[in-house]
Amino acid sequence: MFYKKPLSLQTIVLHWTTGLMFIAIFILGLYMVELPKGPDKFELIGLHKSLGALILIIAITRIVWRIKEGAIKPASIGSAWQNRLANIIHGLLMLATLTMPLSGIAMSVGGGRGADIFGWQLIAKGDSIPWLQELGSMVHGLSVNIIIALLTLHILGAIKHQIIDRDNTMARMLGRI
């Protein structure tokens, strides 16, 4: 049995924008970590922070929209454990879209550097708050592998829906239904 209700354009755009930006900022983060300190690295760090703050804004918008629309029903009826696992992974990914940017902001503010988006200052530079910087750094660093694992499971689930279940999950997420 397949669930054929189309998703709203807002749901589709927020999903893909969040996902693609998250992947892009991950790649940027992994690249810049390997760079030696210098102007190029500091410029990329600024871009990374700005994109992270943008993701936070989009993630909050997405979560508010999700609350407004309600949970999306699966395209096909699966076993209880698969549905539970999918809900857990979706919830953790949404949490990650908040946790990663907030931990990055905590690192920056804790380091006394403030926070800005493309030069527009959100939080002024100030005194260092070592415990905040350490907490932000710990969460930011530990979350990377967890998020990669969650994203991998999410993508594998989408592939399973497309190849094994042959339901309309991918068509829905691409706005074709």
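1. The second largest pocket holds about 820 Å³ of space. The model is a predicted one. Of the 30 residues lining the second largest pocket, Met32, His48, Gly104, Met107 and His140 are the closest to its centre.

2. Which elements supply at least two residues each to the lining of the second largest pocket? They are H1, H2, H3, strand E1 (115–117) and H4. H2 gives the most, with 8 residues. By residue class, the lining of the second largest pocket divides into 17 nonpolar, 8 polar and 5 charged.

3. The largest pocket has a volume of about 1300 Å³. Its lining counts 45 residues, and those closest to the centre are Ala86, His90, His154, Ala158 and Thr169. At least two lining residues each come from H1, H2, H3, helix H4 (130–165) and helix H5 (169–173). The lining of the largest pocket comprises 24 nonpolar, 15 polar and 6 charged residues.

4. How many cavities of 30 Å³ or more does the count give? The count comes to 1 cavity. The largest cavity has a volume of about 70 Å³.

5. The lining of the largest cavity consists of Thr11, Leu14, Arg62, Trp65, Arg66, Glu69, Gly70, Ile72 and Met94. The division by class is 4 nonpolar, 2 polar and 3 charged.

6. The largest nonpolar core has 11 residues, namely Leu14, Met21, Phe22, Ile25, Phe26, Ile55, Ile58, Trp65, Ala96, Met100 and Ile147. Two or more residues of this core come from each of H1, H2 and helix H3 (80–110). H1 has the largest share, 5 residues.

7. Leu14 and Trp65 belong to the largest nonpolar core and also line the largest cavity.

8. Which residues does Ile147 contact, leaving aside its neighbours within four places in sequence? Ile147 is in contact with Phe22, Phe26, Ala96 and Met100.

9. In the largest pocket they include His90 and His154; in the second largest pocket they include His48 and His140.

Technical notes:
Residues are numbered from 1 along each chain as its sequence is written. This is a predicted model: local features need pLDDT of at least 70, side-chain atom pairs count only at pLDDT 80 or more; totals for chains, interfaces and linings use all residues. Side-chain values use heavy atoms; hydrogens and water are left out. On a 1 Å grid over the protein atoms alone, a cavity is a set of points where a 1.4 Å probe fits but cannot get out, and a pocket is an open set with protein on both sides within 12 Å along at least five of seven lines; lining residues have an atom within 4 Å of a point. Grid points are joined across faces, edges and corners, and a volume is the space filled by probe spheres set on the points. Ala, Val, Leu, Ile, Met, Phe, Trp, Tyr, Cys and Pro count as nonpolar, Asp, Glu, Lys and Arg as charged, and the others, Gly among them, as polar. A nonpolar core is a set of buried Ala, Val, Leu, Ile, Met, Phe, Trp, Tyr and Cys residues joined through side-chain atoms within 4.5 Å. Buried means under 20% relative accessible area, exposed over 50%, partly exposed in between (1.4 Å probe, protein chains only). Helices (H or I, at least four residues) and strands (E, at least two) are DSSP runs, numbered from the N terminus. Contact means heavy atoms within 4.5 Å.
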